[in-house]
Amino acid sequence: MNLHTTPHNSRAPRTTRRLAALAATAAMVVAGVQAGTAVATPDDDARSTAVKPATAAALGVNPSAQRATAIKSAQADASSAAKALKLGGQEKLIARDVIKDARGTVHTRYERTYDGLPVLGGDLVTHTTASGKLKSVDKATDAKIAVASTTPKLKAAASARKVIYAGGGSPVLAWETVKKGVQKDGTPSRVHTITDATTGKKLHSYEAIETGTGNSQYSGEVELTTTKSDAGFELTDGERGGHKTYDLNQGSSGTGDLVTDDDDTWGDGTGGDRQTAAVDAHYGAAKTWDFYKTALGRDGIAGDGKAAYSRVHYGENYVNAFWDDSCFCMTYGDGEGNKAALTSIDVAAHEMTHGLTSATANLDYAGESGGLNEATSDILGASVEFFADNASDAGDYLIGEKIDINGDGTPLRYMDKPSKDGNSADFWDENLGNLDVHYSSGVANHFFYLLAEGSGKKTINGVEYDSATSDGSTLTGIGREKAYQIWYKALSVYMTSTTDYAGARVATEKAATDLFGADSEELKAVSATWTGVNVK
């Protein structure tokens, strides 16, 4: 992550003043969203006064209707924004999101095109004050977006997409191809490969499929929001964007059948009843939606008030679960013997959070950014589990502890000491980006645990933890709520598609400054904790 600052003087170029006017317009569009909860800040850059976020307003509450209007307004003036940022004449901006936080700062996220071609790794976020001054810009790349020609020398498959690839340094004309298939464990595969359109050299590759009253299997008897139909009841949650839960009947495509019931009493709490997996998935989706809404002020995964949907009973003996952007849905296998569906609260929240990441920073699912992508799902998945406050599945810093994916009662991942799984990294080193993203995520998971709870031995909800730092330092946690607010703020307004661990440190320090102040103990804790996991 790189910071670009525009001078705030009265003789700013006309284009800078034009962007200021645009920002002021966007601010007015989203004004009133936080009526009664916003923190008034007379000085545009006053950060010395700590703000304690008692509500999600500090993060930037953006109900879907205001968000849509703000994005439309930002897009209408995108050409002015491009000029203000001194982008080239062949570059254009596409507004993806607009968030106004409690200080009045407007954060506008853009994708870029060059001569009509998508620029992969060209995304950026502008940050403007309440009065419309451009404070800074976070870019996925510092490189000037330009290529000698947009006519490729090499042909590609008919299905290939011509793009500008800016994720590897100097932008190049490239082909993006997508190969569909099946991974070794039965998970669908959609591998994106970026190839230099001049030399044929492979530039980048990543996997787009991201893994990871009813009687539930993991959460006991739970309340479900269902919808009355002519045939009885269906698992459609009209209170949460219309979320639906489907039964794939051991298939691997389509949506299957919407789960229905005669008397609105669902499942029997065992893997032998087909409704039980649907109960857990539906409940997990509801709790995740409620957490986003209550704790983060976010109106659904994409912030547009619309729900994803869930599919259960995928494949035969499929021991996994996954999120797919192309269907905007979560899918769950039934585990060994088709008797232990992977539908616990933290797994459901983990999968939905992949959708959140896609809708915000869109962290590239490879290298260090891929580890941060996976960690974000673990971090917010664990936070949802604590938020749900379910006696049958109490909150903890263990990932997938209920689903027994290893077959020996151990969790899938440990946040206090990630290396306990035998593969994940506790601390950063220069080879971290070469690990599988599920293992490079360990450093960020460890950071979050230490930031929330501190180092040393402790017992939380009956689970014993013992977390150490790379430098032997002793850390005192700031509490889980502040920790996840800082992470979400960093993800939603400061991280970009190419953010690595060093960039994550910068992003979370900015977020802590915004939320708590430049002299706050919370900011000091963020910095000390990153140092404690060797991100300096």
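Cys329 counts as buried because its relative accessibility is 0%, where buried means under 20% relative accessible area, exposed means over 50%, and partly exposed lies in between, as computed with a 1.4 Å probe on protein chains only. The structure is a predicted model, in which local features need pLDDT of at least 70 and side-chain atom pairs count only at pLDDT 80 or more, while totals for chains, interfaces and linings use all residues. Residues are numbered from 1 along each chain as its sequence is written, and side-chain values use heavy atoms, with hydrogens and water left out.

Cys329 forms a disulfide with Cys327, the two sulfur atoms lying 1.9 Å apart, and a disulfide here is a pair of cysteine sulfur atoms within 2.5 Å. By this rule the count comes to 1 disulfide. The torsion about the S-S bond of Cys327 and Cys329 is about -65°, so the disulfide is left-handed. Cys327 counts as partly exposed because its relative accessibility is 21%.

A nonpolar core is a set of buried Ala, Val, Leu, Ile, Met, Phe, Trp, Tyr and Cys residues joined through side-chain atoms within 4.5 Å. The largest such core has 87 residues, and Tyr397, Met495 and Trp530 are those with the most contacts inside it. Helix H4 (residues 274-296) supplies the largest share of this core, 10 residues, helices (H or I, at least four residues) and strands (E, at least two) being DSSP runs numbered from the N terminus. Apart from this core lies another, of 16 residues, among them Ile71, Ala81, Ala82 and Leu87.

Helix packing can be followed at H6 (residues 367-388) and H9 (residues 480-493), which pack at an angle of about 145° with their axes 11 Å apart; the axes are lines fitted to C-alpha atoms, for helices over the stretch in contact, and angles run from 0 to 180 degrees between N-to-C directions. On the H6 side, Leu372, Thr376, Ile379, Leu380, Ser383 and Phe386 meet Arg480, Tyr484, Trp487 and Leu491 of H9, contact meaning heavy atoms within 4.5 Å.

Lys417 sits in the loop between strand E24 (413-414) and helix H7 (437-440). At 39% relative accessibility, Lys417 counts as partly exposed. When residues up to four places away in sequence are not counted, Lys417 touches Asp426 and Asp466. Although Lys417 and Asp466 are 49 residues apart along the chain, their C-alpha atoms are separated by 7.4 Å.
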